[in-house]
Number of protein chains: 2
Amino acid sequence: MVTEQDPPAAEESASLPVLLVDWGTTNRRVYLVERGRILREHDDTRGVLSIDRAGWETAISEISRAFEDVEAQDVKAQDVKARFTLMAGMVGSNRGLAEAPYVPCPVGLDDLVKNVLWVRAGSVAIVPGVSFLDPPHADVMRGEEVQVLGAIEQGSLPSDCLVCHPGTHNKWIRIESGRIASFRTVMTGELFNLLRKHSILSDLFDGEPADDGAFAAGVDHAIANSDLISELFRVRARVLLGASARKEAASYVSGLLIGSDVRIGLGAEETDAATDVVYVLGSASLTQLYVAAISRTGRRAVGLDDKAAFVAGMSRIAERLR
Amino acid sequence: MVTEQDPPAAEESASLPVLLVDWGTTNRRVYLVERGRILREHDDTRGVLSIDRAGWETAISEISRAFEDVEAQDVKAQDVKARFTLMAGMVGSNRGLAEAPYVPCPVGLDDLVKNVLWVRAGSVAIVPGVSFLDPPHADVMRGEEVQVLGAIEQGSLPSDCLVCHPGTHNKWIRIESGRIASFRTVMTGELFNLLRKHSILSDLFDGEPADDGAFAAGVDHAIANSDLISELFRVRARVLLGASARKEAASYVSGLLIGSDVRIGLGAEETDAATDVVYVLGSASLTQLYVAAISRTGRRAVGLDDKAAFVAGMSRIAERLR
């Protein structure tokens, strides 16, 4: 059912809204957008890994139906029939609907537009991911590129800067002349989840980590020491030996991981010691923790809204596809 | 059914063999031993985590029955009725049969003997674990202490040295005057298992890691760089981008983890830069990998047999309990 075809003819109506989908490994966020303005949005946990090969037809249909049963208030009934669906993220990976090959760095928004993969002519398209290969450096991203380039289009990111994009896989992204010049991934969020769900530390994780004293202590330890896989065990030992409170463990472990990530990201050769501002673009809770951690190194950290950046980036791509 | 009682009277027969049990989180190894000589042995996967609170009676009975159905060849029938069962490892933790409190460093074999926990008078006893608390350092071990102190009793470890004890949780152990003076744990084996079973790298792990060129490259990277949680993601990116072969991933990841462990263990303040020999005491396969990794730092690494060390340590403790 999935075919690669040419983009729709330019004379097609450009007045209808678009459905923009941020389709990740574990979550899916759908926005009904008209000229950059969000009319409706819908979130669910139908991530790429929850869908088997035969399930894509249904999964795609769900998206256009997501707003059909909503009582029209500020949207005219015909607006819900969106002109086309533009998707980004892991949906374009080899585990997704169709593989949209990575575009190599440096990458600007125009490069993404040129490499959009049409999976249904005129109705469903996927934005490609970005790769960086400069051996021994090698890295890939899917989804973050739209947000970062969208934030530049919005004017909330300068055209030369360092961006930290926290998530399951945090990305440190170097922007030069408005394009993604290079980047590196740190598996911080994934490691936190592995430790919380499957490790000997699991029973120490009560609640969510917070930007508190234990978090700051973890960050400070990790900035000054590179012994993460040893210090993690000490967290357990201190609780067993009565030297530390169990309730501090989740924040301290989060601080250790994010502090290690910041030490690696700010110390890497592709970053610049003279950069005194780091932009953090992610979910509100993670952005707050990374801003706090980066600030403890003496740099200035500025948090940005990832949803607004995604919609801005995707809307511009959609406009240029017309 | 579990009670703390005094050790058996000294006049009890000392001629019968003992059952020595190395009872860990996921495995159980039972040795029928007479005056330090292994008569029979039995391995199974009835680790501590596989046994619920009501299951301990059965689990203990299994041990004494383990050799009953074996046709006597070099053992007289009555020898199988072992004098008593002495256990070490996670069986003495709060998830085990009964909690044998940690003995704080420095710890020699006599300290273990003094703190043995009798769970059934004269028939079943547990050797305690060891703790090290010198804030912010905090650490615990259960099982490794018997092997290390046993190897000293055997004469295969000098009374002042640095020992590396690989396993799920690798231990770097400083021995001074024949006692465990201090130690630190690195969660290397556990992290390897988490990555192999539950992470985005899982599908790259074909087969077991080997002491090959990819392993050496991983070790060298980790000795020279402290960016483990970033380099791990590059392993996946290199395969996706065709810059590295999938079949090398397991060995390279193992090299990265063990190399990070060695960097931490040999660089830690409790180790001594003048120590040019490191003793490695663990399973044959892990010992080989750690010896190879340590050798790449220019130090000399000597591998020792963990089973012989365990039996030597436990036999001496059993003798002193008489």
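Select Cys164(A) and you'll find Val280(A) of β13(A) standing opposite. You're in a predicted model, where local features need pLDDT of at least 70, side-chain atom pairs count only at pLDDT 80 or more, and totals for chains, interfaces and linings use all residues. Residues are numbered from 1 along each chain as its sequence is written, chains are lettered from A in the order written, and side-chain values use heavy atoms, leaving out hydrogens and water.

Now show β10 (161–165) and β13 (277–282) of chain A: they run parallel, joined by three bridges. (Strands are DSSP runs of E, at least two residues, and helices runs of H or I, at least four, numbered from the N terminus; two strands pair if DSSP finds at least two bridges between them.)

(Contact means heavy atoms within 4.5 Å; axes are lines fitted to C-alpha atoms, for helices over the stretch in contact, with angles from 0 to 180 degrees between N-to-C directions.)

Finally, bring in both chains. Chain B can be laid on chain A by a turn of 180 degrees and a shift of 0.0 Å along the axis, with an RMSD of 0.0 Å (least squares on C-alpha atoms of residues with pLDDT of at least 70 in both). The copies are therefore related as by a two-fold rotation axis, and 100% of chain B's contact residues recur in chain A.
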